[in-house]
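Visitor: Could you take me through a close look at how the helices pack in this one? I'd like the cut-offs spelled out as you go.

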Amino acid sequence: TLLSNYGDKKLYFPEIKEEMLAEEAEEAKKRREEEEEEAKERKAQRQRLAIEELVQTEKNYLKMLQICSVNIRSNLKQLQPPPANLDSLFLYIEDVMDVSRRLLSLFNQTHLQPEDPHYLETLCNSFLSLSSDIEAAYKEYLANYNNISVVENGYKQKEALWKEIIRVIKLSAPEVNATSLSFFLVMPVQQITRYPLLLQTIQKHTEPAHPAYALLEQTAHTSIALNCRINEYKRFREVADKYKKTESLTIRDKINRLNTHSIAKKTARFSQHLKHETGIKPKLVDEEFDAFEGFFNILENGILVLLENVEQYLLHLQRFLTCKTEEFDFEMDGEKSPICYKEITTALRQWILPTFEKRTRTLVHKPLCALRDLLVGPRNLIRKRLDKLLDFEMIESKSNLSYEEQAVANTYRTINTLLLNELPRFNGLALQLIWSMLGTFSCLHRDLAADMEQMFQSFAQQLPHSSLDPSAFWKWAESEVLESGRKLQTVCRSVEDSLNAPAVQPLSPSSQRRLKQLTDKHGSGKIYQVMSTVAGSRDLDLNLTRGEFVAVISEADTRGDKRRWLVDAGGRRGYVSSSKLIRYHQAMEDPPPSPLLNTPLDVTERRRHSYTPVYKPMNVMSQPCFQVMAAYSFTARGNHEVSVQAGEPVRVLEPHDKRGNPEWSLVEATGGQRGYVPSNYLTVMPMGAEPPGFRVF
């Protein structure tokens, strides 16, 4: 047969066998080469398709964003009324579109086609050159995407508004089957994650021997790292947004939030804090963070003090503007000085100073208020870091952590890393803003001085002393300022003496009841009166109105601060600034019995038990017949009072205080000291008569 013959030939003809084997090997080689060539072609085709998909996807993506941010956005703004928070939906989308537009322009700037080997190199270089811009644009958009979802869900709650939005979307983009805004707004979230997938696909179908393979590999790794950093930034922002907001909770809300878990957690934190304070356990110290926090505290205090000073400055300026002195008639007809003064004051009050005040509020006060509000977020994060640090210290030494403990450790590390990265930047920017506002404040005063100088130049010739040379004029001005300062100081001293003088004002029935209650409980020496309204700003501080009575329990707080006194306000106890309190001086209606008043009954009718002045004409004698003596001992309780002993003769300088109240008298004691004593502590005795019961030992 044929097969047997063929087998015989293979067995008996070795030359034929070798020839046939060579032919088979050649055919197998050709088949392998053909298969390898076909594989290369398929690989190149898939690479080309992946490159085209990358470019075409970017074009379609940019087109959709333009439809959303231009057409749909403009049509939604035309609704009456427009949807609330509409601009927050498109926040940062312009940056995303800009970086996408720049990336496409780099892809298309060369005349090469995707199948050209050098086109891959151009694509990789384009992506690498814009990688930092891509990250900056997309990380802000993705961090804000949760807010976009919240706003859109708010629209969905209003059925009529949501139907109107759907109608606008379909009219603005009829070629797109979109049923919500999120159809467009989620595209940047999808696009940033599509870059690594497409680049890895291109790398998979690219030969390692390709000239741009190493560059392609670097680009793929860059896109992956870029996504990781964006994801990490988004996670940091979510933690920051969670803990930096301030909640205004009532006591009822706080009680409702209490449960066994929260109580146990707070108890553990408090125990850990006590161990730190008592030295039982060392505290985990981070010197780098402590330095940043210390500088933040200094900035916070400086901003608050600066804002308070600016507000006081504007308040005083506003009060000055309310004084319309130019409207008064000086009754100096024919003189130029009053006329010039009126014109200058009118210009200052109606034009120059109001303009200065408006600019100061806009350029200094409002930015300071905004900067103060920005301090709340970092301050809350710093406080939350301390709580999480206490939790972290309790589990730090454990080798195996549970799922909840691992979450606690991750939260602490996230907040700590976030503060270490962001707090120095915040401190630097806040310091720059402070310097900028101080510079603006200086420039505003410079402009104010220039405006006033320009105005005064037109009145300079009409004012007195305008003919003096500069040195003589400044000498005269200095002497006038010093003289006015001395007069003002005298007036201030007089006003201060009047304000410090004791005064007894008529009390309401409720005030009398509180005064009696506090006096019976704490004694008259502890009674103080509130000089001005007190608004508590710290824990355990009281809110008091002007004129209220309090009893001082302790002249220092628990930390030894003598500026905060612990007081009893008639049931309420708390702290009040000592500068807001003044000792209450009350004239006793029923003084204690005096050992000096043991006179017979017939003498009683001829003398007065209290020194009450009677304004009648007095007969002047060559020698006085009566003398004023202290009927009771009195101990001074302030600088404006004087101590006297029972039986001590005194000289009455004024039978009333500075406010005309006859219950206090200004006297001069035997040692020459002057001060106030209660009028009913004084008595009038005949001259030369020794009071009964008075002995000198």
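Guide: Let's start with helix 6 (residues 131-143) and helix 7 (residues 145-157), whose axes come within 4 Å and cross at roughly 40°. Axes here are lines fitted to C-alpha atoms, for helices over the stretch in contact, and angles run from 0 to 180 degrees between N-to-C directions. Helices are DSSP runs of H or I with at least four residues, numbered from the N terminus. That angle makes helix 6 oblique to helix 7, oblique being what's left once under 35 degrees counts as roughly parallel, over 145 as roughly antiparallel and 65 to 115 as roughly perpendicular. On the helix 6 side, Y141, L142 and A143 meet Y145, N146 and I148 of helix 7, contact meaning heavy atoms within 4.5 Å. By class, that's five nonpolar residues, one polar and no charged ones; Ala, Val, Leu, Ile, Met, Phe, Trp, Tyr, Cys and Pro count as nonpolar, Asp, Glu, Lys and Arg as charged, and the others, Gly among them, as polar.

One caveat: this is a predicted model, where local features need pLDDT of at least 70 and side-chain atom pairs count only at pLDDT 80 or more, while totals for chains, interfaces and linings use all residues. Residues are numbered from 1 along each chain as its sequence is written, and side-chain values use heavy atoms, with hydrogens and water left out.

Now for another pair: helix 14 (residues 287-322) and helix 16 (residues 376-395) pack at about 140°, axes 12 Å apart. F289, E293, F296, N297 and E300 of helix 14 meet P378, R379, I382 and R385 of helix 16. This contact has four nonpolar, one polar and four charged residues.

Note on methods. Helix = DSSP H or I, 4+ residues; strand = E, 2+ residues; numbered from the N terminus.
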